[in-house]
Each structure stands twice: as C-alpha cells, then as structure tokens.
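Please work through the following exercises with the sequence and the model at hand. Each task is followed by a solution in steps.

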Amino acid sequence: TVETLIARRSNPVTVTVQPPANQAPTAYAGLDQEVTLPAGATLTGTGEDDGLPTGTLTYAWTQASGPSAAIATPTQRDTAVAFSVAGTATFRVAVSDGILSASDDVTVLVRAAPCTPDWQCTTWSACLGGTQTRTCTDRNACGTAAGALPETQICTEADRTAPRLIS
C-alpha cells in the first residue's frame, strides 16, 4: 500500500518551536507643555509591550535638565510636577518590562507669574532748596517703573503741608 511505502521511506523529523524573544517596550512621554507659575504640570507616560516576560510595565520619571522641579510620584505612569522658578525643564520617562527598557522625553516651558508692582515709599524729607525727596521701592521687585510713585516734589519752606508734585 501507499501508506506502507511512505512509512518505510520517511525519516523522523524533529521540530523545535522556540518561544518568541522578548522585545523592548516602547515609551512615550506625552506632548510638550507650557505652564505659568504657580501652576504645575501633569506628566502622562505611556508604554506598550509584547507581553514578555511578564506583561507588567514599570515607569520611572526623572528630570533630565532645567530648573529644579519636584516630581510627586516618579514611579507612577502619570505624575504631577511642581515648579518654583521659570525656565525650560525636560523630563524623561523610562518604561521597563523587567528586562528591557525604553525612554522618551517631554519638555515643559515654565513661564513666570505675572508681576503686580507693590510700591512702598519712605516719608518725605524736609524741604531743602524747594524740593522734598523720598525713596520708593517695589516690594514685589517686578523690574518695571509702571505705576511708580513720585520720589521728588516741589515745596516751600513756609508751606510744608501742600507740596506740589514734579512730573
């Protein structure tokens, strides 16, 4: 029979099936952001994996560059970041499957808070040569003269109660 001939002529073949090799996960740190102090930012990491070796991914956020910032929960996929000064900060998320890892960066532009001057002045000096002076400073140090109070005014020795302002 045909079956008998095939059985007598065939050689045994051994087939070994190897499990698929573990591949590194992918990492994505999200879109670049802009915030204005005192606001913070939320970092949202994502990762994809081939399910090997265990199908579990871990996340680790670090700051790669920029002014100092506080990462609330650096081992969580999503975390909050607090800033104390303006600047550009770069954060890196590393995604690991326990054996292999990948990373990605996100940049956060931190803008300074709007500054409102708070002018405080010393008392007027005695009238000397028809002029009184005082020193005024912005307690918020905004670096602007907007809204500054006058530091010089015209006066007379006889009338110190009704000085005139010099523009």
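**Exercise 1.** Determine which residues F83 is in contact with, leaving aside its neighbours within four places in sequence.

*Solution.* In this predicted model, the contacts of F83 include V35, L37, A39, G40 and A41. A69, A89, F91, V108 and V110 are also in contact with F83.

**Exercise 2.** State the order of the strands in the four-stranded open sheet and identify its edges.

*Solution.* The order is β2-β9-β8-β5, with mixed pairing. β2 (33–36) and β5 (58–65) each pair on one side only and are therefore the edge strands. β2 runs parallel to β9, the two being joined over four bridges. Within that pairing, E34 has L109 as its bridge partner.

**Exercise 3.** Assign the three disulfides and the handedness of each.

*Solution.* First, C115 and C142 are bonded, with sulfur atoms 1.8 Å apart. Their S-S torsion is about -80°, so this disulfide is left-handed. Second, C121 pairs with C136; at 110° about the S-S bond, that link is right-handed. C136 counts as buried because its relative accessibility is 9%, and buried means under 20%. Third, C127 pairs with C155, and this link is right-handed, with 100° about the S-S bond. Both C127 and C155 are buried. Finally, with the bonded cysteines numbered in sequence order, the pairing reads 1-5, 2-4, 3-6.

Technical notes: Residues are numbered from 1 along each chain as its sequence is written. This is a predicted model: local features need pLDDT of at least 70, side-chain atom pairs count only at pLDDT 80 or more; totals for chains, interfaces and linings use all residues. Side-chain values use heavy atoms; hydrogens and water are left out. Contact means heavy atoms within 4.5 Å. A disulfide is a pair of cysteine sulfur atoms within 2.5 Å. Buried means under 20% relative accessible area, exposed over 50%, partly exposed in between (1.4 Å probe, protein chains only).
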